[in-house]
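Please look over the sequence and the model shown here.

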Amino acid sequence: MKRTQIVVVLLSLAVAAPALAKTYKYSYPNACSEMWPAVKATLADAEHYAQVMPDDEKMTAEYQPKHDVHVDVTGVLLQRINHVTLLPSGNGATCEMQIVSNYSGWGHDDKADFKKRVDESMVKLKAAPAAEPAKPAEESKPAKPAEPGK
């Protein structure tokens with residue numbers, strides 16, 4: 001009987017877990033069009049994220065954080081698909097990043113880890129030298145004819 005009760009409780013937690021998700025909001029002084037490449041670069045890190053489904057038009061993505069180890073049963077049960085959405089604010093001059101995450105525990109803080117990685121990607125993208133336009137090839141000039149007698 002006890003085993004059945006434990007299974008029922010665990011299944012109930014697994015079904016109810018998505019309802020426990022919270023939305024975390026962060027404001028940035030950048031336009032969302034500048035932020036989106038950093039979000040995509042962050043999610044491209046296969047070491048930390050899986051099952052990434054971006055929508056470039058809506059600037060939103062679903063993803064699953066990868067965890068090496070879960071130190072408790074709730075970590076396994078509460079690991080779900082997270083969501084990130086960029087919303088323009090301040091007449092489009094600034095951006096609000098909304099992260100929907102339902103897991104933050106002893107070994108992981110999914111929303112804070114994701115925000116930190118997006119911030120790092122922003123710094124890397126800003127530091128990358130802008131691609132210089134290709135220089136047109138110089139027109140080759142015809143060689144001067146050799147002067148006779150010299």
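Helix α2 (residues 32-43) lies across β1, β2, β3 (60-65), β4 and β5, and runs at about 165 degrees to β4. Helix α4 touches β1, β2, β3, β4 and β5 as well, its direction making about 145 degrees with that of β5. Contact means heavy atoms within 4.5 Å; angles run from 0 to 180 degrees between N-to-C directions, with axes fitted to C-alpha atoms, for helices over the stretch in contact. Helices (H or I, at least four residues) and strands (E, at least two) are DSSP runs, numbered from the N terminus.

This is a predicted model, in which local features need pLDDT of at least 70 and side-chain atom pairs count only at pLDDT 80 or more, while totals for chains, interfaces and linings use all residues. Residues are numbered from 1 along each chain as its sequence is written, and side-chain values use heavy atoms, leaving out hydrogens and water.

The open sheet has 5 strands in the order β1-β5-β4-β3-β2, with antiparallel pairing; two strands pair if DSSP finds at least two bridges between them. β1 (22-28) and β2 (49-55) are at the edges with a single partner strand each, so one side of each has no neighbour in the sheet. Strands β4 (residues 82-89) and β5 pair over 7 bridges, and P88 has C95 in β5 as its bridge partner.

C95 also forms a disulfide with C32, S to S 2.2 Å (a disulfide is a pair of cysteine sulfur atoms within 2.5 Å). The pair links α2 to β5 across 63 residues. Both cysteines, C32 and C95, are buried, meaning under 20% relative accessible area with a 1.4 Å probe, protein chains only (exposed is over 50%, partly exposed in between).
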